[in-house]
Amino acid sequence: MRSIFVALAGLILVVADVFGVEVNNLQQLADAKKGGEKLITIKNLEVPAGVTLDLDNLQAGTTVEFAGKVTFGYTQWLGPLIKITGKNIKIEGKPGHVIDGDGARWWDGKGGNGGRKKPRFIYFQASDSVITGLRIKNSPVHCFAVNGCNNVHLTDISMDNRDGRVKGHNTDAFDVANSDGVFIKNCDVYNQDDCLAINSGRNIVFENNTCTGGHGISIGSVGNGAQVEKVLVKGCKVSQSTLGIRIKTKKDESCLLKDITFDDIVLKNIKKRGINIQGNYKNSGPTGPPSPNCPIQNLVINNVRGNVDSKGTNIAVWVANASNWFWNSRVTGGKRELPCKGVPAGMDINCGKAA
Ligand SMILES: *[C@@H]1O[C@H](CO)[C@@H](O)[C@H](O)[C@H]1NC(C)=O
Ligand SMILES: *[C@@H]1O[C@H](CO)[C@@H](O)[C@H](O)[C@H]1NC(C)=O
């Protein structure tokens, strides 16, 4: 009898392992993590105010699914609303789910620069891991911090912050730092700041993503000794954004940018600058001549095309230590009032002159 019971209990454990466990509150989630569940489905969960949805230290081999609606209580704090760390983990959105930050409760037009204290949405630090299929709405401020990652794939993610058109600010979609091997593909972003911002790291691919309403695709601002190497931005579309693509390094700080490629990028109705590369960035705005301590080596701008609104500027480049660039862009519209300064000798970039 006892052996039958043990066998049954074992079978139930096996069955539980195969089908996973559904959690609807944070206690159940904590229990599932502690119990070493390998498949956890978070469904219709309300995260209380000021508490992080804790997917920290997930065991290797764990899959966490999001289903139904996940919401967060309101308080002024820095978050993150969700923290995901581990090795060999998978985070997956099920059809019909939404992770709703309801950012309107925090939005005051000031973003991370003041006003209400706003929580970062998702902190992600992982190796050999995947985040796929998430539907994210209305981030209070910055959405993903991809930090200290190694070989991670973020695919088929939508970040829909269009409700923040008036008061949402600094709602970056993907901020990447200190990482080696980050692959962001097939994502759809509507926000009010950078679609991608790389501050440091190497082997970063940003491919087949659409970016609407924000500040475009950005490397930087880079400074403080940071290096950004081997970046490929390919097959992306940037629409109704202040900038198309840009690189910005901080004035009077040192850094290195090397092997950076933007290929097959479509710009549509860019408001300020189609392509912007500047070595004189300060948070308060560009100031005077760039400094040479941030060389930009082996930059490829290939088949970057599309249009800038008539009030904007077509292309602007002002750097102080550039070498080995390749440039092939076809951006129409915008003014051509700024010359390109500091580009490697012999380059023909269509700046400061009629098309
Ligand atoms: C590009 O991304 C879209 C989703 O935004 C997807 O439908 C399409 O299949 C992707 N293309 C490739 C080649 O992966
Ligand atoms: C420009 O960058 C190179 C490295 O590529 C560096 O050795 C050199 O010192 C820099 N030039 C200046 C004037 O800082």
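Begin with the lining of the largest cavity, whose residues divide into five nonpolar, four polar and no charged. In this classification Ala, Val, Leu, Ile, Met, Phe, Trp, Tyr, Cys and Pro count as nonpolar, Asp, Glu, Lys and Arg as charged, and the others, Gly among them, as polar. To display the lining, select Thr249, Gly279, Pro290, Ser291, Cys294, Ile296, Val319, Ala320 and Asn321. About 30 Å³ of space lies inside, and the structure holds one cavity of 30 Å³ or more. On a 1 Å grid over the protein atoms alone, a cavity is a set of points where a 1.4 Å probe fits but cannot get out; a pocket is an open set with protein on both sides within 12 Å along at least five of seven lines; lining residues have an atom within 4 Å of a point. Grid points are joined across faces, edges and corners, and a volume is the space filled by probe spheres set on the points.

Two remarks on conventions apply throughout. This is a predicted model, in which local features need pLDDT of at least 70 and side-chain atom pairs count only at pLDDT 80 or more, while totals for chains, interfaces and linings use all residues. Residues are numbered from 1 along each chain as its sequence is written, chains are lettered from A and ligands numbered from 1 in the order in which they are written, and side-chain values use heavy atoms, with hydrogens and water left out.

Select His215, Arg246, Lys248, Tyr281 and Asn283, which lie nearest its centre among the 25 lining residues. By class, the lining has four nonpolar, 13 polar and eight charged residues.

Now show the strands. Helices (H or I, at least four residues) and strands (E, at least two) are DSSP runs, numbered from the N terminus. Strand E21 (217-222), E23 and E25 each supply at least two residues of the pocket lining, and the largest share, four residues, comes from E25.

Remain with strand E25, which spans residues 273-281, and select Gln278 within it. Gln278 counts as buried, because its relative accessibility is 7%. Buried means under 20% relative accessible area, exposed over 50%, and partly exposed in between (1.4 Å probe, protein chains only). The side chain of Gln278 makes a polar contact of 3.3 Å with that of Asn280. Such a contact is a pair of N or O atoms within 3.5 Å; within protein, one must be able to donate a hydrogen and the other to accept it, and residues adjacent in sequence count only if both atoms are side-chain atoms.

**The cysteines**

How many disulfides does the structure hold? There are three disulfides, each defined as a pair of cysteine sulfur atoms within 2.5 Å.

Select Cys255 and Cys294, which are joined with an S to S distance of 2.1 Å. This pair links distant parts of the chain: Cys255 is in the loop between strand E23 (243-250) and strand E24 (256-270), and Cys294 is in the loop between E25 and strand E26 (296-318), 39 residues apart. The disulfide of Cys255 and Cys294 is right-handed, because the torsion about its S-S bond is about 130 degrees. Both cysteines are buried.

Move to Cys195 and Cys211, whose sulfur atoms are 2.2 Å apart in a disulfide. This link is left-handed, with -70 degrees about the S-S bond. Cys195 and Cys211 are both buried.

For the remaining disulfide, select Cys340 and Cys351, with an S to S distance of 1.7 Å. Its torsion is about -55 degrees, so this disulfide is left-handed. Both partners lie in the segment after strand E27 (322-335), so the pair ties together parts that are 11 residues apart in sequence. Cys340 is buried at 19% relative accessible area, and Cys351 is buried at 8%.

Finally, select Cys143 and Cys187. The sulfur of Cys143 is 10 Å from the closest cysteine sulfur, in Cys187, which is too far for a bond. For Cys187 the closest cysteine sulfur is in Cys195, at 8.3 Å, again too far for a bond. Cys143 is buried at 0% relative accessibility, and Cys187 at 3%.
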